[in-house]
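Have the model open while reading.

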Amino acid sequence: MLAGKRILLIVGGGIAAYKALDLIRRLRERGASVRAVMTAAAQEFVTPLSVGALTADHVFTDLFDRQDEQDVGHIRLAREADLVVVAPATADLMAKLANGHANDLASAVLLATDRPVLLAPAMNPRMWAHPATRRNRVVLAGDGVLFIGPNRGEMAEAGEAGEGRMAEPLEIVAAVETALGGGPLAGRHVLVTSGPTHEPIDPVRYIANRSSGAQGTALAVALRDLGAEVTFVTGPASVPPPAGVRVVRVETAREMLAAVEAALPAEAAIFAAAVADWRVANAGVQKMKKDGSGRAPALEFAENPDILATVSRLAEGRPRLVVGFAAETETVVEHATAKRARKGCDWIVANDVSPSTGIMGGAENAVVLITGKGAEVWPRMGKDAVARRLAARIAAALG
Ligand code: C5P
């Protein structure tokens, strides 16, 4: 996959620097050549000797090394690569790049390169959440810098957990492949629905639900990161749609069905939207007013189309893989298995949303994947991690 590709790896300082060693091994296993630059801080965690042993190349550490400058020079170093990867990318390196500093070899190379740059941030969750780091992330993303991670989980500091762990080496490898245009879903069209629907009562009122769109959005990101061309059909969600996907905004279930049908064909379709089962059949053309009689208006309901079932049962042009979601509050596996049969989809991603789980509106999810082969109980993990795992399964299923 990466045969002949030249990766320039900048290793920043942090406990995650040890994972850079494994990353080098994984990249070289796939046929890439890796050249490494280490910051002064990185050398406090791993030595140039071990990094050089794995890259089988000279390790560059000093902007003012006369021999290095004569032999290669930081400008050539910056250009003689297909991709520049920074792992771990510290808060300091991000700040330097966002502001155009160039006072050491790593920052000078980052400023001098005309190649795509992929950052794998790793830092304490408070540093990652700090407004300064957030600002830098926005600036860097606007400059076209790519990101992988960080993940949520335990930190090196005892007892600390949160968002800040560096992505695992294999996740970084997948992001490298995507950045170089070769993810496992490269060129594949995948459709994702997400968010709630709004069903009008009159021009100013509507019926909605509490879906935030977080899981569907995470899924679109994970599929995009594997190289897929994603069409993201979203109701009015509370989280913004991701960059790098085709966004189609809708309000009602019927608009969502029309948008889905217009977006086909797709190789896979994932229905993560919380679609209203009913719409108001006698919705007012004008705003409904109190008539002074004290009588409440009687709303009549009509059933909405079931988008998942409709697409699952398409005689022609059915996506090869159709995935539905099921939010259950009891006997999750039984209900979800029955739903899979009823809807005619290939997989159901079921989760227990009973209030005691804290999943609804939370950052974590505990899912059971129901396929034709039975039920798989996944451990509880962040919604992003669920999305990445599901995206990897989708890629494997499409082959
Ligand atoms: O029928 P229920 O809402 O329990 O099923 C959930 C699954 O069906 C989700 O994947 C949801 O996106 C999909 N669905 C749909 N159209 C509907 C209702 C549900 O696509 N009208």
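## Strand β5 and its sheet

Proline 121 in β5 is the bridge partner of alanine 89. The model is predicted: local features need pLDDT of at least 70, side-chain atom pairs count only at pLDDT 80 or more, and totals for chains, interfaces and linings use all residues. Residues are numbered from 1 along each chain as its sequence is written, and side-chain values use heavy atoms, with hydrogens and water left out.

Strand β4 (residues 83-89) pairs with β5 in the parallel sense, over four bridges. Two strands count as paired if DSSP finds at least two bridges between them. Valine 86 is set opposite leucine 119 of β5. β5 also pairs with β6, again in the parallel sense, over two bridges. There, leucine 118 faces leucine 146 of β6.

How many residues of β5 (residues 117-121) are buried? Five of five are. Buried means under 20% relative accessible area, exposed over 50%, and partly exposed in between (1.4 Å probe, protein chains only). In a regular strand, side chains alternate between the two faces of the sheet. In β5, both faces are covered: Val117, Leu119 and Pro121 are buried on one side, Leu118 and Ala120 on the other.

The sheet is open and has six strands, with parallel pairing and the order β3-β2-β1-β4-β5-β6. β3 (59-60) and β6 are its edges; each has a single partner strand, so one side of each lacks a neighbour in the sheet.

## Chain and core

The chain has 14 helices and 22 strands. These are DSSP runs numbered from the N terminus: helices are H or I of at least four residues, strands E of at least two. Along the principal axes, the C-alpha atoms fill a box of roughly 90 × 50 × 40 Å. Of the 399 residues, 48% are buried.

The largest nonpolar core has 33 residues. Such a core is a set of buried Ala, Val, Leu, Ile, Met, Phe, Trp, Tyr and Cys residues joined through side-chain atoms within 4.5 Å. Leu223, Ile270, Leu390 and Ile394 have the most contacts inside this core. Its largest share, seven residues, comes from α14.

## Two pockets

A pocket is an open set of points on a 1 Å grid over the protein atoms alone, where a 1.4 Å probe fits, with protein on both sides within 12 Å along at least five of seven lines; lining residues have an atom within 4 Å of a point. Grid points are joined across faces, edges and corners, and volume is the space filled by probe spheres set on the points.

| Pocket | Volume | Lining residues by class |
|---|---|---|
| Largest pocket | about 1800 Å³ | 28 nonpolar, eight polar, twelve charged |
| Second largest pocket | about 1000 Å³ | 16 nonpolar, 14 polar, eight charged |

Ala, Val, Leu, Ile, Met, Phe, Trp, Tyr, Cys and Pro count as nonpolar, Asp, Glu, Lys and Arg as charged, and the others, Gly among them, as polar.

Where does the largest pocket lie? Domain 1 (6-179) and domain 2 (189-398) both contribute to its lining, so the pocket lies between them. Domain bounds come from an automatic or database domain assignment. β6 (146-147) and α14 (383-398) are among the elements that each supply at least two residues of this lining.

The second largest pocket is lined by 38 residues. Ala272, Ala273, Ala274, Val275 and Ala327 lie nearest its centre. β17 gives the most to this lining, with four residues.
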